[in-house]
Amino acid sequence: MIKATRDMARRWAETLLHIDDTPERTAAAYAVGVFFGFSPFFGLHTMMAVSLAFILRLNRVAVVLGVYSNLPWVIAPYYTLVTMAGAMVTHTSLPAGFREQLAQLHDLRITDPELWRHIGSLLEPLLWPYAIGSTVGAAVLAAIAYPVALAFVRTRRRHKQLHH
């Protein structure tokens, strides 16, 4: 898994280096993608990020690379942690018997409407903590992504110019 992640990061980096935009705009596009990739709009993040990229005339490749920085094995821990942080900020606690009710979901089939009703009622109190926590988390990650991507793009372009 680590080798696959490293290889994927290397491919993304090479793609970013072949963009004709300025390093600042490339880094900004990547940061916008990171914001949407980690935002509460899970499932709509690609469409929203690419739409904003068109509106702001940002490089769509860099935006999509940023969106998909939220790798599958990061999603569950990230959203759990930021929802917990959002719950602390909003002073929201888990509903009574949350774990037991969650365990009961395993008895229901995915096609059973009762499963989805139960999930909705179980997670409803966590909607605001999720929205607040993941928005703040996404903003923090985007703020970190911009200078990191900018330094990376500048360094790699300088290196490439020296060797050509």
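## A nonpolar patch on the surface

Val89, Trp128, Ile132, Val136, Val140, Ile144 and Val148 make up a nonpolar surface patch, and together they have about 680 Å² of accessible area (Shrake-Rupley method, 1.4 Å probe). Patch members have over 30% relative accessible area and no salt bridge, with nonpolar side chains joined within 5 Å; a salt bridge is a Lys or Arg side-chain nitrogen within 4 Å of an Asp or Glu carboxyl oxygen. Keep in mind that this is a predicted model, where local features need pLDDT of at least 70 and side-chain atom pairs need 80 or more, while totals for chains, interfaces and linings use all residues. Numbering runs from 1 along each chain, and side-chain values use heavy atoms, leaving out hydrogens and water.

Helix α8 (residues 127-162) brings the largest share of the patch, 6 residues; helices here are DSSP runs of H or I, at least four residues. Val148 sits in α8 and counts as exposed because its relative accessibility is 53% (exposed is over 50%, buried under 20%, partly exposed in between).

## The largest pocket

The largest pocket has a volume of about 550 Å³. Of its 18 lining residues, Tyr79, Thr83, Phe98, Leu123 and Leu126 are the closest to the centre. A pocket is an open set of points on a 1 Å grid where a 1.4 Å probe fits, with protein on both sides within 12 Å along at least five of seven lines, and lining residues have an atom within 4 Å of a point.

Helix α5 gives the most to the lining, 6 residues. By class, the lining has 14 nonpolar, 4 polar and no charged residues.

Definitions and conventions. Patches are made of residues with over 30% relative accessible area and no salt bridge: like charges are joined within 9 Å, nonpolar side chains (Val, Leu, Ile, Met, Phe, Trp, Tyr) within 5 Å. Helices (H or I, at least four residues) and strands (E, at least two) are DSSP runs, numbered from the N terminus. Buried means under 20% relative accessible area, exposed over 50%, partly exposed in between (1.4 Å probe, protein chains only). Grid points are joined across faces, edges and corners, and a volume is the space filled by probe spheres set on the points. Ala, Val, Leu, Ile, Met, Phe, Trp, Tyr, Cys and Pro count as nonpolar, Asp, Glu, Lys and Arg as charged, and the others, Gly among them, as polar.
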